[in-house]
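The entries below follow the order in which I went through them.

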Amino acid sequence: MLDVLVIGAGPAALSIATELGARGLAVAGLAPSDPTAPWTNTYGIWAEEVDSLGLGHLLSHRWSDTVSYFGPGEPSTGDPDPRSPDPESPEPEGQATGGSSSEGLIRHGRTYGLFDKAALQGHWLERCTQTDVRWHQGQAVAIRHDTTTSTVSTATGEPFSARLVVDATGHEPIFVRRGGDGPVAGQAAYGIVGRFSADPITPGQFVFMDYRPDHLSEAERQEAPTFLYAMDLGEGLFFVEETSLSLAPPVPFPTLQARLQRRLAHRGVAVREVVHEEFCLFPMNPPLPDLRQRVVGFGGAGGMVHPASGYMVGSLLRRAPDLAAAIATSLEAGLRGQELAEAAWAGLWSPELRWKHAFFRFGLEKLMRFDEARLRHHFHTFFQLPVAQWTGFLTNTLAPRDLLAAMVQLYGQAPWDVRWGLMGLQGREGTLLAKMLIGP
Ligand SMILES: Cc1cc2nc3c(=O)[nH]c(=O)nc-3n(C[C@H](O)[C@H](O)[C@H](O)COP(=O)(O)OP(=O)(O)OC[C@H]3O[C@@H](n4cnc5c(N)ncnc54)[C@H](O)[C@@H]3O)c2cc1C
């Protein structure tokens, strides 16, 4: 009898299988393809997140020159408050910024990294092998539960029984049930790894968000805002990706592709060679899954995408040990069936993390209503917060009271158009606020 069957072979499955195996549990993985099959997504992360876990060697690239551009400052409702900073003004202490006012340049002063996907995958698989985690090939299609055991069947009818099933099949999970409370917004991006007629960004640089709108007509500026995320990969290779932070329905790929071409052309850059294309789309803000269900989710299936930034890999690395510990302790205490599943969910989603999830969903809902100028002003202010605040926000590592303090500070520093945007409740913001205050 297996203790845990992990379904999937993406980052979430490998990370949780690794941690479960390390606790001496009998673990197997089930996925349609070989777990060593190369992953296609590009995974980036603020380097501190991996360095603090002692895993910095899993990055293939690191950039210390990390910047964003938020374009010209033009608060859309005027600024009656002389204390509120102009987005073009010099930056506060601890924040190295500069550049011309039309660029709205922010120097982040923090190192960003790109995962070596093969190394990350190998890191987890090697540890799985050491702890005898077995991988099986098959597509899970059905599940049935009795009081102590769950049995998963594959498309070919092969059964796998375990005390607990962890569904790590991504953003559209096969078994984890997710409720709904309105349209789910998607982060969409179209990217190219390639060679260009001229450098698309400053050599050696990482561009986190280039929201400059100078290549767009007035009419296009009324449409959904998108930004450039870009990396110099060295030896003449660059990754450039036009990204929509979040929208429901998501910005279509042809729009992103056309925007990327326009942005590059405006800077006099033509694509010479496409080495790889990335079509990125994943849900940002679905509600958390029902935490009383019998199958436990992890990764996309467990609702772990940061609803305000879209990041998840750092959370997998930090939170897999918590879930694995909750499962191991509960099994040892003799919990089985429903009780075991609920204890596992509680280990993954503490009340604090649930509250922050609700907070980020509410915040994202507001940002999705901002027009492009207001969104630029918002981010320009956000990245002038103290580094610990904005990095803690993006990585979801701030305690709730520190998160609230950061938001109060943001409000205090923001120009009036952003403040107005943050006030008042529209659409389902009231519902999301209520969920944040009193729970789902
Ligand atoms: C293009 C792209 C780029 C991204 N970039 C970043 C980034 O830079 N940083 C970041 O933190 N996050 C990023 N994300 C968000 C998130 O981290 C990824 O989506 C991540 O891959 C999710 O991991 P996962 O393991 O939950 O799901 P997936 O990676 O989707 O893996 C799901 C696994 O389940 C398997 N599976 C599916 N159905 C079944 C079934 N029925 N039976 C058995 N197995 C099944 C699949 O074969 C696969 O192995 C990105 C997402 C995308 C789409």
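I count as a polar contact a pair of N or O atoms within 3.5 Å; within protein, one must be able to donate a hydrogen and the other to accept it, and residues adjacent in sequence count only if both atoms are side-chain atoms.

Ground rules. The model is predicted, so I note that local features need pLDDT of at least 70 and side-chain atom pairs count only at pLDDT 80 or more, whereas totals for chains, interfaces and linings use all residues. Residues are numbered from 1 along each chain as its sequence is written, and side-chain values use heavy atoms, with hydrogens and water left out.

Entry 1, ligand. A backbone N or O atom of alanine 140 lies 2.9 Å from a nitrogen atom of the ligand. For alanine 9, a backbone N or O atom is 3.0 Å from a ligand oxygen. Glycine 300 has a polar backbone atom 2.9 Å from an oxygen atom of the ligand. On its own the ligand has 980 Å² of accessible area, and the protein covers 84% of that (Shrake-Rupley method, 1.4 Å probe; for residues, only the protein chains shown count as cover).

Which residues come nearest to the ligand? I found Tyr43, Gly44, His171, Gly300 and Met312, out of 30 residues around it (a residue is near if one of its heavy atoms lies within 4 Å). Helix 1 (11–22), strand 2 (27–31) and strand 16 each supply at least two residues of this shell; the largest share, three residues, comes from strand 16. Helices (H or I, at least four residues) and strands (E, at least two) are DSSP runs, numbered from the N terminus.

I read the order as 6-5-13-14-15-12-16, in an open sheet with mixed pairing (two strands pair if DSSP finds at least two bridges between them). Strand 6 (105–107) and strand 16 (271–283) are at the edges with a single partner strand each, so one side of each has no neighbour in the sheet.

Strand 5 (residues 66–69) runs parallel to strand 13 (residues 206–210), joined by four bridges, and serine 68 stands opposite methionine 209. Strand 13 and strand 14 are antiparallel, with three bridges; here aspartate 210 faces leucine 228. Strand 14 pairs with strand 15 (residues 237–247) over seven bridges, also antiparallel, and phenylalanine 227 is opposite threonine 243. In their hairpin, two residues lie between the strands, and glutamate 235 takes a positive phi near 50°.

Is strand 14 (residues 227–234) mostly covered or uncovered? Seven of its eight residues are buried, so I wrote down mostly covered (buried is under 20% relative accessible area, exposed over 50%, partly exposed in between; 1.4 Å probe, protein chains only).

The order is 3-7-4, open and antiparallel. Strand 3 (44–46) and strand 4 (59–63) are the edge strands, each pairing on one side only. Four bridges join strand 4 to strand 7 (residues 112–115), and I found histidine 61 opposite leucine 114.

A polar atom of its side chain lies 2.8 Å from the backbone oxygen of proline 35.

Among the buried ones are Leu353, Phe359, Phe360 and Arg361.
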